[in-house]
Amino acid sequence: MNELKIATVFGGGGFVGRYVVQRLAEAGYTVRIACRRPDKAASLRVLGKLGQIAPFYASVLDDASVACVVEGASVVINLAAVLGDASGQRLEAVNVQGAGRVARLSAQVGVPAFVHMSALGASHSAPSAYGRSRAAGEDAVRAAMPQASIVRPSVIFGPEDHFFNMFATLARYLPVLPVYGAKVRLQPVYVGDVAQVVARLAEDPSLAGQVWELGGPDVLTMKQIYQWVLRTTQRSRMLYEVPRALARIQAGIFERLPGHILTRDQLLMLSQDNVVPPGQSGFEKLGLTPQSIEAIVPFYLTRYRAGGGRSGVRLVE
């Protein structure tokens with residue numbers, strides 16, 4: 001009889017989480033989705049066999065709920081994180097203390113494998129509070145579980161992303177598109193490829209205790225990304241490279257509005273490149289080939305074209 005494999009995924013109901021959950025289910029794990037809103041994660045049950053995937057209430061801010069869902073797990077994966085807030089208190093609570101709490105309680109019950117999702121550019125000297133919080137979160141995880149695998153992806157894209165979809169939405173409604181950090185280079189990585197790496201790290205003990213930096217095959221500046229989105233959505237718009245001083249003023253206003261469209265900390269994140277250093281690609285180390293932007297993104301940006309991508313198509317009756 002095969003030994004029951006149990007994976008607990010914090011943040012499993014989110015954008016990246018749903019892909020990780022599916023990969024783990026395909027690998028034969030019984031998956032516990034640990035999240036604050038189990039009702040919203042209930043739809044993910046269909047990604048596995050009957051009873052294989054189950055949402056549980058758990059908050060990385062609470063010892064008792066974390067301890068409950070990590071008990072008996074073969075692997076714990078922490079995807080829970082926040083991008084930021086004006087005070088920075090949530091960054092500390094979730095990205096640092098929350099990450100440390102999940103790792104500490106996992107260690108206490110003897111969980112053998114732990115995978116922590118961080119971010120490319122995480123550093124104690126990062127210009128943004130977000131980048132510094134990610135570095136501190138990594139330290140908290142390693143302090144509790146030295147064998148933890150740390151995954152650092154660049155900006156992640158996929159059908160449900162808030163990256164290419166956001167740019168395409170702006171291109172649909174605005175005649176002039178403001179570009180912040182126009183010359184900053186990014187290395188967008190496909191969510192399915194990130195999930196594949198996470199599942200691989202969960203399965204292979206020989207890969208434990210390392211840092212895995214992930215970026216896709218395309219390195220583009222922010223301005224090039226906007227230009228690519230305009231070509232793909234077949235829209236003609238003027239691009240305005242927002243000067244840094246004006247951007248700071250705008251961010252100071254926007255961060256106080258609902259939705260936090262732009263914050264001053266996000267501007268600081270756009271003050272330096274977000275690319276994998278040469279020879280450090282986690283995909284290369286694992287012998288994997290990541291998907292390009294061109295291979296994935298056009299399929300879900302087509303709906304942003306005039307007529308929802310159906311213009312020019314004649315139906316035959």
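**Close-up 1. Helices H6 and H8 sit roughly perpendicular to each other in this predicted model.** H6 covers residues 164–173 and H8 covers residues 222–233, and the two pack at an angle of about 65°. Angles of 65 to 115 degrees count as roughly perpendicular, so this pair gets that label. Their axes are 10 Å apart, and H6 passes H8 in a right-handed crossing. On the H6 side, look for Phe164, Phe167, Ala168, Leu170 and Ala171. H8 answers with Met222, Ile225, Tyr226, Trp228, Val229, Leu230 and Thr233. Sorted by class, eleven residues in this contact are nonpolar and one is polar, with no charged residues.

**Close-up 2. Helices H4 and H5 run roughly parallel.** Here we have H4, residues 89–108, alongside H5, residues 129–144. Their axes come within 8 Å and cross at roughly 15°. Since angles under 35 degrees count as roughly parallel, that is what H4 is to H5. Once again you'll find a right-handed crossing as H4 passes H5. The contact of H4 with H5 splits into eleven nonpolar, four polar and two charged residues.

Close-up 3. As for handedness, H1 passes H7 in a right-handed crossing. H1 brings Phe15, Val16, Tyr19, Val20, Arg23 and Leu24 to the contact. From H7 come Val191, Gly192, Ala195, Gln196, Val198, Ala199 and Ala202. By class, that gives ten nonpolar residues, two polar and one charged.

**Close-up 4. Here is the second largest pocket, with a volume of about 370 Å³.** There are 17 residues lining this pocket, and the ones closest to its centre are Gly181, Arg244, Leu267, Leu270 and Ser271. Which elements give two or more residues to the lining? They are helix H9 (244–254) and helix H10 (264–269). As for the make-up of the lining, ten residues are nonpolar, two are polar and five are charged.

Definitions and conventions
Residues are numbered from 1 along each chain as its sequence is written. This is a predicted model: local features need pLDDT of at least 70, side-chain atom pairs count only at pLDDT 80 or more; totals for chains, interfaces and linings use all residues. Side-chain values use heavy atoms; hydrogens and water are left out. On a 1 Å grid over the protein atoms alone, a cavity is a set of points where a 1.4 Å probe fits but cannot get out, and a pocket is an open set with protein on both sides within 12 Å along at least five of seven lines; lining residues have an atom within 4 Å of a point. Grid points are joined across faces, edges and corners, and a volume is the space filled by probe spheres set on the points. Helices (H or I, at least four residues) and strands (E, at least two) are DSSP runs, numbered from the N terminus. Ala, Val, Leu, Ile, Met, Phe, Trp, Tyr, Cys and Pro count as nonpolar, Asp, Glu, Lys and Arg as charged, and the others, Gly among them, as polar. Axes are lines fitted to C-alpha atoms, for helices over the stretch in contact, and angles run from 0 to 180 degrees between N-to-C directions. Angles under 35 degrees count as roughly parallel, over 145 as roughly antiparallel, 65 to 115 as roughly perpendicular and the rest as oblique. A crossing is left-handed if the near helix is turned anticlockwise from the far one by less than a right angle, and right-handed if clockwise. Contact means heavy atoms within 4.5 Å.
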